[in-house]
Every structure is written in C-alpha cells, then in structure tokens.
Amino acid sequence: MTSFIQTRLYNDLLHPVRQWLETIEIHNSKLAHFLCKAIPAQCPFERDITLFSRKLFHIPPMCKLNPLYEEVVGLRFKALCYLADECGEDVTVYC
C-alpha cells in the first residue's frame with residue numbers, strides 16, 4: 001500500500017511540469033531548431049559493449065525510465081512539425 005501512495009505522490013508532483021511541457025507552443029524557428037538539436041531522436045544511452053570485435057553485453061535504452069520522456073518527445077515533435085509545416089524547412093537533418 002505504501003508504494004501505491006508513494007507512486008501517486010510522485011506522479012502528482014510532476015503533474016504541473018507535465019502540463020507545462022504539453023502546453024508549450026512553438027512560434028519561433030530559433031526555438032524549434034534549438035529543441036530539435038537538444039532533444040535526441042533516439043535514446044543516447046543504448047549501447048553494445050564490445051571487446052576485440054566481440055559483443056560482451058547490451059545496455060538497453062533507459063529513456064523510458066525518465067518520467068517526463070513522453071512530454072519531452074512530444075515537444076520535439078511539435079518543433080519538427082512547426083519547422084516542416086510553418087517554415088517549410090527540410091527536417092530530415094534531425095531524424
């Protein structure tokens with residue numbers, strides 16, 4: 001029962017941050033470019049550890065452990081959409 005209460009409290013503490021991230025609107029191409037550069041398209045922590053051309057082990061992506069992962073990825077998507085739709089830019093450099 002304690003873990004349920006702790007989980008609910010943890011989620012309630014992050015709720016204002018989630019709402020703030022979801023309500024951000026992109027109206028500036030410089031901000032959109034910054035967000036697309038700062039937020040990676042793939043999880044940067046996923047790695048294969050090799051030694052002498054032999055794979056020793058695999059480190060799985062840990063981005064899903066971030067409690068704000070979905071909101072941050074959504075913000076990057078908004079920035080990409082703004083650049084493609086409003087500015088008419090080619091966004092393949094960010095993919």
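## Starting with strand 1

In this report, two residues are in contact when heavy atoms of theirs lie within 4.5 Å. Keep in mind as you explore that the model is predicted.

Let's begin at Arg47, which belongs to strand 1, made up of residues 47-51. Leaving out residues up to four places away in sequence, Arg47 touches Phe57, His58 and Ile59. Pro61 is 14 residues from Arg47 along the chain, and the C-alpha atoms of the two are 7.9 Å apart. With a relative accessible area of 47%, Arg47 counts as partly exposed, because that class lies between 20% and 50%.

## Where two helices meet

Two packed helices are described by the angle between their axes and the distance between the axes. Here, helix 2 (residues 29-38) and helix 3 (residues 69-86) have axes that come within 9 Å and cross at roughly 130°. The two helices are therefore oblique to each other, and their crossing is left-handed.

Which residues make the contact? Helix 2 brings Ser29, Ala32, His33, Leu35 and Cys36, while helix 3 brings Leu75, Arg76, Ala79, Leu80, Tyr82 and Leu83.

## A closer look at Glu71

Helix 3 also holds Glu71. Is Glu71 buried or exposed? Its relative accessible area is 12%, so Glu71 is buried, the cut-off being under 20%.

Setting aside neighbours within four places in sequence, Glu71 is in contact with Arg18, Leu21 and Glu22.

How values were computed
Residues are numbered from 1 along each chain as its sequence is written. This is a predicted model: local features need pLDDT of at least 70, side-chain atom pairs count only at pLDDT 80 or more; totals for chains, interfaces and linings use all residues. Side-chain values use heavy atoms; hydrogens and water are left out. Axes are lines fitted to C-alpha atoms, for helices over the stretch in contact, and angles run from 0 to 180 degrees between N-to-C directions. Helices (H or I, at least four residues) and strands (E, at least two) are DSSP runs, numbered from the N terminus. Angles under 35 degrees count as roughly parallel, over 145 as roughly antiparallel, 65 to 115 as roughly perpendicular and the rest as oblique. A crossing is left-handed if the near helix is turned anticlockwise from the far one by less than a right angle, and right-handed if clockwise. Buried means under 20% relative accessible area, exposed over 50%, partly exposed in between (1.4 Å probe, protein chains only).
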